[in-house]
Amino acid sequence: MSRTFSIIKPDATRRNITGAVNAMIEQAGLRIVAQKRIQMTKQQAEKFYEVHKERPFFNDLVSFMTSGPVVVQVLEGDDAVPRYRAVMGVTNPAEADEGTIRKQFAESIEANSVHGSDSDENAAIEIAHFFGDDDIVG
Ligand code: CMP
């Protein structure tokens, strides 16, 4: 059993499809063990995406992630990080496989509906941005 961190992004909250995304997460064998809907501040988004701060899309990404509410989540399951990445699909929805969240729902490479951690180490760091141990109930 391991954990990963997920964000349902503003393009998905705007279209009221958080339940549809959660159904795909649960069908993939992941359990939502913590979840909250928040409005990210500019500071939170900049800190969360700090690794991308030199990338040309950084400012647009921060604007997008603060453009509406997001749902931050902790997901638990066997091999949670790769399992969630498989159901999310690749970053660019134009290249995502059939049956993935991004193929089904994403609007663009930026408005790509969901974020998921890329390693166990980053999952722990990202979870700690938004949740304390007491918030996670498996
Ligand atoms: P995410 O998995 O949250 O990690 C970084 C985010 O930057 C990515 O999803 C996209 O929402 C966004 N992004 C925008 N443009 C690009 C790009 N050209 N390459 C990668 N990520 C991008």
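Buried means under 20% relative accessible area, exposed means over 50%, and partly exposed covers what lies in between, with a 1.4 Å probe and only protein chains counted. This is a predicted model, in which local features need pLDDT of at least 70 and side-chain atom pairs count only at pLDDT 80 or more, while totals for chains, interfaces and linings use all residues. Residues are numbered from 1 along each chain as its sequence is written, and side-chain values use heavy atoms, leaving out hydrogens and water.

Q: Serine 113 has a positive phi although it is not a glycine; is serine 113 buried or exposed?
A: Helices here are DSSP runs of H or I with at least four residues, strands are runs of E with at least two, and both are numbered from the N terminus. The phi of serine 113 is about 70 degrees. With a relative accessible area of 0%, serine 113 counts as buried.

Q: Asparagine 16 also has a positive phi without being a glycine; what is the relative accessible area of asparagine 16?
A: Asparagine 16 belongs to the loop between α1 (10-14) and α2 (18-27), and its phi is about 60 degrees. Asparagine 16 is exposed because its relative accessible area is 67%.

Q: Which kinds of residue make up the shell around the ligand?
A: The surrounding residues, each with a heavy atom within 4 Å, include Lys9, Phe57, Leu61 and Asn112. Ala, Val, Leu, Ile, Met, Phe, Trp, Tyr, Cys and Pro count as nonpolar, Asp, Glu, Lys and Arg as charged, and the others, Gly among them, as polar. The shell divides into 4 nonpolar, 4 polar and 3 charged.

Q: How much of the ligand's exposed area does the protein bury?
A: Start with the polar contacts, meaning pairs of N or O atoms within 3.5 Å. A ligand oxygen is 2.6 Å from a side-chain N or O of tyrosine 49, another such distance is 3.0 Å, to histidine 115, and one to arginine 102 is 3.5 Å. Areas come from the Shrake-Rupley method with a 1.4 Å probe. Taken alone, the ligand exposes 450 Å², and the protein buries 79% of that.

Key
A polar contact is a pair of N or O atoms within 3.5 Å; within protein, one must be able to donate a hydrogen and the other to accept it, and residues adjacent in sequence count only if both atoms are side-chain atoms.
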